[in-house]
Amino acid sequence: MEFSIKTGNPEKQRGACVVVGVFEPRKLTASAGLLDNATNHYLSEIVRRGDMGGKAGTTLLLHDVPSTQCGRVLMVGLGKEKEFSEKEYCAAIRSAVKALSETGATDGTLFLTEIPVRKCSLAWRVRQAAIIAKETTYRFEQFKSKKSDARRPLRKLSFAIDRRTEMALAEEALAQGLAIAEGVALARDLGNLPGNVCTPTYLAEAAQRIASDYAFDCQVLERGDMEALGMHSLLSVAKGSHQPPKLIVLQYKGGKEGEKPLVLVGKGITFDSGGISLKPGPEMDEMKFDMCGAASVLGTLKAVAQMQLPINLTVIVPTSENMPGGAASKPGDIVTSMSGQTIEILNTDAEGRLVLCDALTYAERFEPETVIDVATLTGACVIALGHVATGLFANDDSLAHELLRAGDEAHDRAWHMPLWDDYQDLLKSNFADMANIGGRAGGSISAACFLSRFTKKFEWAHLDIAGTAWKSGAEKGATGRPVPLLAHYLLKRAGKLN
Ligand code: BES
Ligand code: MN
Ligand code: ZN
């Protein structure tokens, strides 16, 4: 799909469809009003008759409205004007794009980007519209023999702004939105791929492809390299699998030479069967999504490279399958991590922290400014926060607040969870420095506490995306979260946010 920014009045637009908004009850937006004046009050007559009352989520398609230059007008209900904020704006864009793509129109101009949204800039509205448009039209059909009906797919989408002087600003925001949307789509694609395709080797190749597309460095550490580094915790997870584990390291250098990098670490378990502590059967297929942390940091990196942000960003992905087998780790096994700390593996299903701890220790060599890990780490996080908020833990309060803020602004929200020392006792082991589980109570917190023992040397945050990385049920599929949160945070750090 092609995107562009437009100025000009709605009644003068040529093309297949013009999209305007209506507030509840029966109030035309400014651009809908212009169209109404130019069409002998065609729109207000429809509103008066009660066919479009402005209720959020409703749309009405009109054909060949007299005195217009376009084939169709799509009216979109926005809900009450005084309740119109970020969430309602995003929902309106979503229903507009959905309705538009169900018509025969191959192009459309959205006059919704002109509508003021409380506390939100024009750049935000345009960026968000681009992200939502791409998200709404996303399909994952590479394994379907028959592709879904796309008689006349939407090919061109324009966003209207009312001031010509804001053109450059809007265009930059559009480019940012599209880059973020591509990052989200990459994360969704990788997440949706089945475990027999998306193996650690596949992830490493995908990473190498991104690196060569954008001309930066990618290094893949093999089992032997990891043995030499003493990453016995990570390696223990791979013991039951026929697939070799990998440690993927990508270095994007858009910032000044010598400037400390930001490091993102993503959990890349390409299938989590639980290992010897085998998971129950129902919904086990969803454990192909256990590499969504990895997918999201790769997606974020792609977005950053696409936007050419002036920052140094290093991405580390520890990746493995977690399978049962004769050689697999057993409950009670003790391993020595790269940090030298020993771990008693009381449950082989708590494998995410075992691969992450060695990746976090490895991060030290980059002398990072900040490290953020992203992981589908605990079922307990889903119990705590459901599928709305990502769990956020940090050893630094200002970092936590920056990330929370980025999540709010990007509409990809996180919630701050405690990481108090009081919880550390849960990880006591009679035989090693620590156990890899802390019991059912506060399960997402003890998992974060475990990681915190490997992040003492830098400012660190942990995002538990177990509840937000994918959807179950009829709409089963990866969401691409938290790419929008991370991209927003990095845009801000790069000073490129308007
Ligand atoms: N990948 C899972 C976490 C998970 C479970 C995410 C369900 C989303 C939905 C992780 O590796 C895991 O199995 N964690 C265990 C930890 C427990 C054994 C301490 C869990 O949450 O049950
Ligand atoms: Mn597990
Ligand atoms: Zn897992």
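## Ground rules

Because the model is predicted, local features need pLDDT of at least 70 and side-chain atom pairs count only at pLDDT 80 or more, while totals for chains, interfaces and linings use all residues. Residues are numbered from 1 along each chain as its sequence is written, chains are lettered from A and ligands numbered from 1 in the order in which they are written, and side-chain values use heavy atoms, with hydrogens and water left out.

Nine residues from domain 1 and ten residues from domain 2 take part in the contact, where contact means heavy atoms within 4.5 Å.

The area buried between domain 1 and domain 2 comes to about 740 Å², with carbon and sulfur atoms giving 63% of that. Buried area here is the accessible area (1.4 Å probe) that two parts lose on being put together, summed over both. On the domain 1 side, α3 (86–101) and α4 each supply at least two residues, and α4 gives the most, with seven residues. (Helices are DSSP runs of H or I with at least four residues, strands are runs of E with at least two, and both are numbered from the N terminus.) By type, that side of domain 1 divides into three nonpolar, one polar and five charged residues.

## Salt bridges elsewhere

Searching the whole structure gives 18 salt bridges. Side chains of opposite charge can pair when their charged atoms come close. R49 and E45 both lie in helix α2, four residues apart, about one turn of the helix. R49 counts as exposed at 57% relative accessibility, and E45 as partly exposed at 28%; buried means under 20% relative accessible area, exposed over 50%, and partly exposed in between (1.4 Å probe, protein chains only). E45 and R49 also join R48 in a network of salt bridges.

Another bridge pairs K267 with E351 (3.1 Å, N to O). This one links distant parts of the chain, 84 residues apart: K267 is in the loop between β10 (262–266) and β11 (268–272), E351 in the loop between β14 (342–345) and α10 (352–363). Are these two buried or exposed? K267 is buried at 1% relative accessible area, and E351 is buried at 1% too.

K476 and D285 form a bridge as well (2.7 Å, N to O). K476 lies in the loop between β20 (470–471) and β21 and D285 in the loop between β11 and α9 (292–307), so the pair ties together parts 191 residues apart in sequence. K476 is partly exposed at 43%, and D285 is partly exposed at 39%.

## Around S452

S452, found in helix α13, counts as buried at 8% relative accessibility. Its side chain makes a polar contact with the side chain of Q424 (3.0 Å). Leaving aside neighbours within four places in sequence, S452 is in contact with L419, Q424 and W460.

Most residues other than glycine have a negative phi, and most peptide bonds are trans. Here a cis peptide bond joins E24 and P25, with omega about -5 degrees, and another joins R481 and P482, with omega about 0 degrees. P25 lies in the loop between β2 (15–24) and β3 (27–28).

H41 has a positive phi, near 60 degrees, and is partly exposed at 40% relative accessible area. K119 also has a positive phi, near 65 degrees, and is exposed at 83%.

How values were computed
Ala, Val, Leu, Ile, Met, Phe, Trp, Tyr, Cys and Pro count as nonpolar, Asp, Glu, Lys and Arg as charged, and the others, Gly among them, as polar. A polar contact is a pair of N or O atoms within 3.5 Å; within protein, one must be able to donate a hydrogen and the other to accept it, and residues adjacent in sequence count only if both atoms are side-chain atoms. A salt bridge is a side-chain nitrogen of Lys or Arg within 4 Å of a carboxyl oxygen of Asp or Glu.
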